[in-house]
Every structure is written in C-alpha cells, then in structure tokens.
Amino acid sequence: MCADFQYAPSHDVVEVPKADYDSCQASNSIQSYSGGSTTIPLSSPGKRYFICGTTGHCSQGMKLEVDTLATSAAPTASPLSPAPQE
C-alpha cells in the first residue's frame, strides 16, 4: 500500500512526528518531499503524519494522518478429504 500525493509547486509534503503534526511544525521533519508528485510506501502498521510545510497551510487544514493496519495473511485452505463411503 502507498500514499500518493499530487500537489502544486507552492506546496510540499513533510512527514513529522505526532507532536509536530498537532502543532503544525515542520522543523523536526522525518522526511520532506517536493516536486508535485510523491508516492510514499506504507509498509508497516501504525500511524504516520504528513503536513504541508508551507507557512500557514497546515494550520488551514493541509495535513493528513494515515493509520496503516497490519495485513493478515489469507487463511490457507486445507485439502478436502473425500467423504467416507459406506
């Protein structure tokens, strides 16, 4: 699973810790992306936090919390035993 972001050149995507997401601060960023098109793999379960680092944009709602759930393996089918014949 991936998160795909499409955005104008005046924006960016900044992954931040929860506290920085809550306060709209990009100074302790985990990763920062620019260029208008970003695909971020969501390979492990848990919450991740993304904001626009352009001043004022996060506080106006340009932020996203992603909660990736653990994937479970599909149950394996057990072979069917033939019905006993009488």
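Biologist: Hi! Of the contacts between residues at least 6 apart in sequence, what share joins residues at least 24 apart?
Modeller: Hello! In this protein that share is 60%. Keep in mind that we are looking at a predicted model.

Biologist: Thanks. How many helices and strands are there?
Modeller: The protein has one helix and six strands. Going along the sequence, the pattern reads β-β-α-β-β-β-β.

Biologist: And what percentage of the residues is buried?
Modeller: Of the 86 residues, 27% count as buried. The accessible surface is about 6,200 Å², and carbon and sulfur atoms hold 53% of that.

Biologist: Let's turn to the strands. Which ones form the open sheet, and in what order?
Modeller: Four strands make up that sheet, in the order β3-β2-β5-β6, with antiparallel pairing. The edges are β3, residues 31–33, and β6, residues 63–68, each of which pairs on one side only. On average, neighbouring strands in this sheet are turned by 25 degrees against each other, ignoring direction.

Biologist: Which strand is β1 joined to, then?
Modeller: β1 is joined to β4 by five bridges, and these strands also run antiparallel. Phe5 sits opposite Thr38 of β4.

Biologist: Which residues are on the covered face of β1, and which on the uncovered one?
Modeller: Strand β1 takes in residues 2–6, with Ala3 and Phe5 on the covered face and Cys2, Asp4 and Gln6 on the uncovered one. As a general point, side chains in a regular strand alternate between the two faces of the sheet.

Biologist: You mentioned Thr38. Is Thr38 buried or exposed?
Modeller: Thr38 lies in strand β4, residues 37–41. Thr38 counts as buried because its relative accessible area is 6%, and the cut-off for buried is under 20%.

Biologist: What does the Thr38 side chain make a polar contact with?
Modeller: With the side chain of Tyr7, at 2.6 Å. Leaving out residues up to four places away in sequence, Thr38 touches Ala3, Asp4, Phe5, Tyr7 and Tyr33.

Biologist: Ile40 next. Where is Ile40 found, and is Ile40 buried or exposed?
Modeller: Ile40 is found in strand β4 too. With a relative accessibility of 2%, Ile40 is buried.

Biologist: What does Ile40 touch?
Modeller: Not counting residues up to four places away in sequence, Ile40 touches Met1, Cys2, Ala3, Phe5, Val13, Tyr33, Arg48 and Phe50. Met1 is 39 residues from Ile40 in sequence, while their C-alpha atoms are 8.8 Å apart in space.

Biologist: Which residues make up the largest nonpolar core?
Modeller: That core has eight residues: Ala3, Phe5, Tyr7, Val13, Ile40, Leu42, Phe50 and Val66. There is also a second, separate core of six residues, including Val14, Val16, Tyr21 and Cys58.

Biologist: What is Val66 in contact with?
Modeller: Aside from neighbours within four places in sequence, Val66 is in contact with Leu42, Gly46, Lys47, Arg48 and Phe50.

Biologist: And Thr68, which strand is that in?
Modeller: Thr68 is in strand β6. Thr68 counts as buried, at 9% relative accessibility. Setting aside residues up to four places away in sequence, Thr68 touches Leu42, Ser44, Pro45 and Gly46.

Biologist: Last topic, the helix. Where is Lys18?
Modeller: Lys18 belongs to helix α1, residues 18–23. Lys18 is partly exposed because its relative accessible area is 40%, and that class lies between 20% and 50%.

Biologist: How far is Lys18 from Lys47, C-alpha to C-alpha?
Modeller: The separation is 8.7 Å, though Lys18 and Lys47 are 29 residues apart along the chain.

How values were computed: Residues numbered from 1 in each chain as written. Predicted model: local features only at pLDDT ≥ 70, side-chain atom pairs only at ≥ 80, totals over all residues. Heavy atoms only, no water. Helix = DSSP H or I, 4+ residues; strand = E, 2+ residues; numbered from the N terminus. Buried < 20%, exposed > 50% of the residue type's maximum accessible area, 1.4 Å probe, protein only. Contact = heavy atoms within 4.5 Å. Areas by Shrake-Rupley, 256 points an atom, 1.4 Å probe, with all protein chains shown as cover. Pairing = 2+ DSSP bridges. Axes fitted to C-alpha atoms, helices over the stretch in contact; angles between N-to-C directions. Polar contact = N/O pair within 3.5 Å; in protein donor to acceptor, adjacent residues only side chain to side chain. Core = buried A, V, L, I, M, F, W, Y, C linked by side-chain atoms within 4.5 Å.
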